[in-house]
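Subject: Structure handover

Hello,

Please find the structure below. My notes on what was found in it follow.

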Amino acid sequence: MSGANILLWLAGAQGGGNTSSVCYTSGTGTITAPAGATSVTIKMWGAGGAGGARIAGFSGGGGGGAYAVKTMAVTGGVTQFTWTVPAQTAATALNTNGQNGGNATITGGASVTAGGGKGGQASGAGGAGGTFTGGDAGSENGQAGGSIVGGNAGGVSQGGGTGGIESSEPGNPPGGGGAGGADDFGSIGARGEICFYWTY
């Protein structure tokens, strides 16, 4: 689990419909279904795009990262996933477009991508929202950024963020687009996230 940041681990007794969960906010690694697990729901967000930057005038906000959800049967101790969670995007130098957000990906036991949002434009146009592939119903593409304002990540009710409305405000994690610069630098887009919810 190189580079992993484990936010939460709530283990229930196996059997009888108990659950446990773990979330990652950076890096790449592998995870194997815990012994006794019978199914998993995976929720994931791509990173938000950074806001554009402009010396004179308003630049565009970054697009929000996509949200993907996947529920499937697993075999405890056997089913394995390789995951990648994108880091936050960098701030934007003056008179340049914002950096695109990275993709959150799952391979192995399933193939799912929550795409990162596109960077805002120095011209003032917002970046496009990220798109998902391989997700179930309930997955959602990220929202596009606007003039200065960063786009929401997909799946807002599951914790997606909103980009800032001033050049000093980054996108809210996970997946919010960074604010575009108003005669200033653009802001960073928020990191992605992947969470595994096991059922026994």
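Buried means under 20% relative accessible area, exposed means over 50%, and partly exposed is in between, using a 1.4 Å probe and protein chains only. By that definition F196 is buried, because its relative accessible area is 0%. W198 also counts as buried, at 1% relative accessibility.

Some ground rules before the rest. This is a predicted model, in which local features need pLDDT of at least 70 and side-chain atom pairs count only at pLDDT 80 or more, while totals for chains, interfaces and linings use all residues. Residues are numbered from 1 along each chain as its sequence is written, and side-chain values use heavy atoms, with hydrogens and water left out.

Confidence

pLDDT is the predictor's confidence in each residue, on a scale from 0 to 100. The protein has a mean pLDDT of 90, and 92% of its residues reach 70 or more. The stretch to treat with care is residues 5-15, where pLDDT stays under 50. The model has 32 contacts beyond four places in sequence for that stretch, a contact being heavy atoms within 4.5 Å. Where pLDDT is low, the predicted coordinates should not be read in detail.

Strands and sheet

Strands here are DSSP runs of E with at least two residues, and helices are runs of H or I with at least four; both are numbered from the N terminus. Two strands pair if DSSP finds at least two bridges between them. An open sheet is formed by 5 strands in the order β2-β6-β7-β8-β9, with antiparallel pairing. Its edge strands, each pairing on one side only, are β2 (27-32) and β9 (132-133). Within this sheet, β7 (residues 104-108) and β8 (residues 112-114) are antiparallel and share 3 bridges; T105 has T113 in β8 as its bridge partner.

Strand β3 (residues 39-45) has two antiparallel pairings to note. One is with β5 (residues 67-73), through 7 bridges, where W45 is partnered by Y67. The other is with β11 (residues 193-199), also over 7 bridges, where the partner of I42 is F196.

Aromatic residues and the core

Rings of Phe, Tyr and Trp (its six-membered ring) pair if their centres lie within 6.5 Å; planes under 30 degrees apart count as stacked, over 60 as edge-to-face and the rest as tilted. The whole structure holds 6 aromatic pairs. Y24 and W83 are stacked, because their ring centres are 4.1 Å apart and their planes are at 20°. This pair links distant parts of the chain: Y24 is in β1 (residues 19-24) and W83 is in β6 (residues 80-85), 59 residues apart. Both Y24 and W83 are buried. F196 and W198 make a stacked pair as well, because their centres are 5.7 Å apart and their planes are at 10°. One aromatic cluster takes in Y24, F81, W83, F196 and W198.

A nonpolar core is a set of buried Ala, Val, Leu, Ile, Met, Phe, Trp, Tyr and Cys residues joined through side-chain atoms within 4.5 Å. The largest one has 24 residues, and M44, F81, I106, I194, F196 and W198 touch the most other members. Two or more residues come from each of β1, β3, β5, β6, β7, β8 and β11.

There is also a charge over a ring, which requires NZ of Lys or CZ of Arg within 6 Å of the ring centre and within 35 degrees of the ring normal. The charged end of K43 sits over the ring of Y197, 5.4 Å from its centre.

Loops and backbone

A87 lies in the loop between β6 and β7. Beyond its neighbours within four places in sequence, A87 is in contact with A47 and R191. N95 is found in the loop between β6 and β7 and has a positive phi, near 60°, without being a glycine. N95 counts as partly exposed because its relative accessible area is 47%.

S123, in the loop between β8 and β9, is exposed at 59% relative accessible area. S123 touches R54 and F58, leaving out residues up to four places away in sequence. S123 and A53 are 70 residues apart in sequence, yet 8.7 Å apart in space, C-alpha to C-alpha.

Two backbone points remain. The peptide bond from P173 to P174 is cis, with omega near -5°, and P174 lies in the loop between β9 and β10 (182-184). D183, in strand β10, has a positive phi of about 55° although it is not a glycine.

Regards
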